[in-house]
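Look at the model below before reading the notes. They cover charged pairs, the nonpolar core and the confidence of the prediction.

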Amino acid sequence: MNPSLSLDARERVFAAASQIFEESGRQTMPTVDQVRRLAKVDMHAATAAMREWRRQQTAQAAPIAVAVPEVVAKANELAIAQLWTQAQELANQSLREAQSAWDAERAELDQMRVELSDAFEAQADELEQARSRIEALEREARETAEIAAAELQKLRDELAQVRAELGAATTRAERAEAAAAELERRVADLRGELDRAHADVDQVRAELSRAHADVDQARAETQRTAADAEGLRNELAAAKAKADAAEQAHQEQRKEAAKEAQRCAEKVLAAQKSHDAIAKEAAAARESAARLSGQLEAVQAQNKALMETLRGKVAGNG
């Protein structure tokens with residue numbers, strides 16, 4: 001057994017050779033190339049294993065006899081010359097058989113040499129075809145690599161452009177976020193100011209309501225003052241009538257009328273004091289509601305003029 005040949009490769013070569021040999025009806029020895037292809041081993045392993053396999057087949061087909069032939073056993077009674085003759089004959093026969101085996105082995109080696117040559121030529125053709133295929137694949141790979149490099153460069157350029165656009169978009173987004181944050185802050189400030197303005201409006205409305213109430217009260221007081229003044233006018237007219245009648249009737253009655261007129265004047269003065277108090281309240285209401293103060297001042301001016309007229313008349317009567 002060849003020590004450089006692995007057991008697995010030897011068994012596969014033996015199995016392949018036996019299979020091909022059996023398929024040929026044990027008539028034709030398998031070639032090395034056939035066995036190599038079927039066993040799927042290299043040429044060196046196929047050659048070494050096939051040499052051993054064919055030696056085994058030859059030894060099995062023509063074994064050399066090692067036992068003493070029957071003719072020798074029967075020649076025991078013959079003379080030594082005859083025994084020697086038979087021995088020489090046997091020796092010559094063994095020699096002829098050895099020569100025949102050697103010739104067969106040499107023929108087998110020649111056949112194997114031819115098969116190896118054919119196998120190497122076939123393998124050389126296969127290698128040439130494989131080399132051509134490899135060169136074609138290399139050319140295709142180079143062309144593909146060039147196309148891929150161009151596509152890759154194009155993709156890199158597009159990626160650089162996309163990155164630039166992304167950077168610009170990011171910058172715009174950051175600016176937009178900053179603007180949105182500033183806008184939200186301003187909106188929050190405006191909302192605070194709006195809330196404060198609403199509170200101020202509510203406060204002004206409350207103060208205006210109180211001012212309206214004060215003005216209504218002042219108007220009521222003014223109306224009462226006007227009613228009192230009208231009553232005083234009536235009383236003054238009655239006093240004047242009484243004074244006139246008293247002046248015509250009697251001097252005492254005139255004095256009495258004068259006293260009555262004096263009492264009326266005192267009432268007018270009391271009414272004036274009440275009117276002054278009302279005017280102060282109206283001034284406070286005017287401070288709370290500036291828009292209504294003009295009307296109140298007009299009413300006060302009218303009442304004051306009326307009082308001065310009454311005073312003038314009372315003073316003239318006195």
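In this predicted model, the side chains of arginine 263 and glutamate 260 meet in a salt bridge, with N and O 1.7 Å apart. The two residues are three places apart in helix α6 (residues 251-288), so about one helical turn separates them. Arginine 263 is partly exposed, with a relative accessible area of 37%, and glutamate 260 is also partly exposed, at 28%.

**Other salt bridges**

- The structure holds 10 salt bridges.
- One of them joins arginine 37 to aspartate 33, and the closest N and O atoms are 2.9 Å apart.
- Both of these residues belong to helix α2, where arginine 37 and aspartate 33 are four residues apart, about one turn of the helix.
- Arginine 37 has a relative accessible area of 42% and is partly exposed, whereas aspartate 33 is buried, at 15%.
- Asp33 and Arg37 also belong to a network of salt bridges that includes Arg36 and Glu126.
- Another salt bridge is formed by the side chains of glutamate 52 and arginine 10, at 2.8 Å from N to O.
- This pair links distant parts of the chain, since glutamate 52 is in helix α3 and arginine 10 is in helix α1, 42 residues apart.
- Buried means under 20% relative accessible area. Glutamate 52 counts as buried because its relative accessibility is 10%, and arginine 10 counts as buried because its value is 15%.

**The largest nonpolar core**

- In soluble globular proteins, nonpolar side chains tend to be buried together.
- The largest nonpolar core here has 19 residues, and those that touch the most other members are Val13, Val32, Val35, Val41, Met50 and Trp53.
- Helices α1 (7-23), α2 (32-39) and α3 (43-61) each give two or more residues to this core.
- The largest share, seven residues, comes from α1.
- Which residues does tryptophan 53 contact, leaving aside its neighbours within four places in sequence? They are Phe14, Ala17, Ser18, Phe21, Met29 and Pro30.

**Confidence of the prediction**

- The mean pLDDT of the protein is 77, and 73% of its residues reach 70 or more.
- Confidence is highest in α1, with a mean of 95, and lowest in helix α4 (residues 70-74), with a mean of 71.
- Over residues 61-66 the pLDDT is below 50, and this stretch has one contact in the model beyond near neighbours in sequence.
- Where pLDDT is low, the predicted coordinates should not be read in detail.

Technical notes:
Residues numbered from 1 in each chain as written. Predicted model: local features only at pLDDT ≥ 70, side-chain atom pairs only at ≥ 80, totals over all residues. Heavy atoms only, no water. Core = buried A, V, L, I, M, F, W, Y, C linked by side-chain atoms within 4.5 Å. Buried < 20%, exposed > 50% of the residue type's maximum accessible area, 1.4 Å probe, protein only. Contact = heavy atoms within 4.5 Å. pLDDT = per-residue confidence, 0-100. Salt bridge = Lys/Arg side-chain N within 4 Å of Asp/Glu carboxyl O.
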